[in-house]
Amino acid sequence: MSKESPQMWFVTTFYKFTVLKNQNKADLEGVKSSLESKAQDLNIEGLLILGPDGFNTTCTSTSESALKVWKEWMQDYFQSSGIFFKDSVSSVRPFHRFKVKIRNEIVTIGAPDLVPNLEENHHLSPEEWNKVLKEEKDFVVIDTRNWYESEIGTFKGALAPKIEQFTEFPEWVDQQQIPKDKKMLIFCTGGIRCEKGIYELQRRGYDNVWQLEGGILNYIQKHPNDQWQGECFVFDNRVAVDQNLQPSQTYKLCPHCGQPAKTKIQCQRCDTEACVCEQCLKIDWKKDTCSKNCAYQLELHPGRKGKHQVRVIENLRK
Ligand SMILES: [Zn+2]
Ligand SMILES: [Zn+2]
């Protein structure tokens, strides 16, 4: 990549709940190979979570037309029209390869047989969402994401559970003792977690729950600098996107734990610059080292210098 012409990546995030065994696609390993070989043909990079209940993915390409072909091919392959693609552009390379991970559930809430019917559940467009937030009084807004996601950005007035994973979400809501008929607005990054979360809440007796259509990514695209505050965590090397859906200028991935980090340090062992997260800043050896290796070596041999660390930290959690 030359410095004269900065490279751009076209990015798209999308998901589909679909029962693959009804499409004779019960063989997930087979589906995985088909996806990988097509992605290779088209030079697509990204991460795709594949399960018996569908898929969830963020894909990128340096060619806008290749990404368009990929989207069309995916809709044909999964016999799914009307997929909602959340698009953006990035000057940071979000992925370094294409990877398919097979899971029992594409969004883990502990109900693999639950396949949402997207037409029938309560969705609010970004406009409708804004109308409630700005004009109504009697409602709660709830962030369904994990603690490290809501820490760097969320909706004004939102309740943010400090959960480690989504499976803890329904129980957290129960603990809040929110009246079952209270108007409840839930949101997540791209909409997929809410698709399952809303069924789980309805099953528990909450009958006035609404989800943000297309998630935060869709909202920010339509209404930057409005009811959303801060940045939106994403599961790739951009770490987060700002109000213009541009890669974060503020956050890097903490080399020790992979959480968003913004405190710049210079490594005591090798002088490499890195950003360390709030949690790791509290820990000796981690607070001023650039990598797991430097932390380990510095603990063994305090004061001894080492070679510059070359490392690629990939944000492939999910
Ligand atoms: Zn950390
Ligand atoms: Zn170092």
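Predicted model: local features only at pLDDT ≥ 70, side-chain atom pairs only at ≥ 80, totals over all residues.
Q: How many disulfides does the 2.5 Å rule give?
A: The count is zero disulfides.

Q: Is Cys59 buried or exposed, and what makes it so?
A: The relative accessibility of Cys59 is 0%. Buried means under 20%, and Cys59 therefore counts as buried.

Q: Which residues coordinate the zinc ion (ligand 1), and what makes them donors?
A: The donor atoms are the SG atoms of Cys254, Cys257, Cys277 and Cys280, at 2.3 to 2.4 Å from the zinc ion (ligand 1). Along the sequence, the donor residues follow the spacing C-x2-C-x19-C-x2-C.

Q: What makes the arrangement around the zinc ion (ligand 1) tetrahedral?
A: The angles subtended by its four donor atoms run from 102 to 114°. Four donors count as tetrahedral if all angles lie between 85 and 135 degrees, so the arrangement at the zinc ion (ligand 1) is given that name. For reference, the ideal angle for four tetrahedral donors is 109.5 degrees.

Q: Which class of accessibility applies to Cys254, Cys257 and Cys277?
A: Cys254 has a relative accessible area of 1% and is buried. Cys277, also at 1%, counts as buried. Cys257 is at 32% and counts as partly exposed, because that class covers values between 20% and 50%.

Q: How do you know which residues coordinate the zinc ion (ligand 2)?
A: The SG atoms of Cys267, Cys270, Cys290 and Cys294 are at 2.2 to 2.4 Å from the zinc ion (ligand 2). The limit for a donor is 2.8 Å, so the four cysteines are counted as coordinating the ion.

Q: Why is the site of the zinc ion (ligand 2) called tetrahedral?
A: Angles among its four donor atoms are 101 to 115°. The rule asks for all angles to lie between 85 and 135 degrees, and the site is therefore tetrahedral.

Q: Where in the chain are the donor residues of the zinc ion (ligand 2)?
A: Their spacing in sequence is C-x2-C-x19-C-x3-C.

Q: What makes Arg93 and Glu45 a salt bridge?
A: Their closest N and O atoms are 2.4 Å apart. A salt bridge needs the side-chain nitrogen and the carboxyl oxygen to be within 4 Å, so Arg93 and Glu45 form one. The pair links distant parts of the chain: Arg93 sits in the loop between strand 4 (86-90) and strand 5 (98-102), and Glu45 in strand 2 (residues 45-51), 48 residues apart. Arg93 is partly exposed at 32%, while Glu45 counts as buried at 14%.

Q: How far apart are the closest N and O atoms of Lys68 and Glu72, and where do the two residues lie?
A: The distance is 3.6 Å. With the limit at 4 Å, Lys68 and Glu72 form a salt bridge. Both residues belong to helix 2 (residues 64-77), where they are four residues apart, about one turn of the helix. Lys68 has a relative accessible area of 51% and is exposed, because exposed means over 50%. Glu72, at 42%, is partly exposed.

Q: Why can the side chains of Arg204 and Asp174 be said to tie parts of the chain together?
A: They meet in a salt bridge, with 2.5 Å from N to O. Arg204 lies in the loop between helix 6 (192-203) and strand 10 (209-212) and Asp174 in helix 5 (residues 169-175), so the pair ties together parts that are 30 residues apart in sequence. Arg204 is partly exposed at 27%, as is Asp174 at 30%.

Q: Which residues are linked with Arg204 in a network of salt bridges?
A: The network links Arg204 with Asp174, Glu200 and Arg203. Under the 4 Å rule, the count is 18 salt bridges.

Terms used:
Residues numbered from 1 in each chain as written. Chains lettered and ligands numbered in written order. Heavy atoms only, no water. Buried < 20%, exposed > 50% of the residue type's maximum accessible area, 1.4 Å probe, protein only. Donors = N, O, S within 2.8 Å, 3.2 Å for Na, K, Ca; no water. Tetrahedral: all angles 85-135°; square planar, octahedral: opposite > 155°, others 65-115°. Disulfide = S-S within 2.5 Å.
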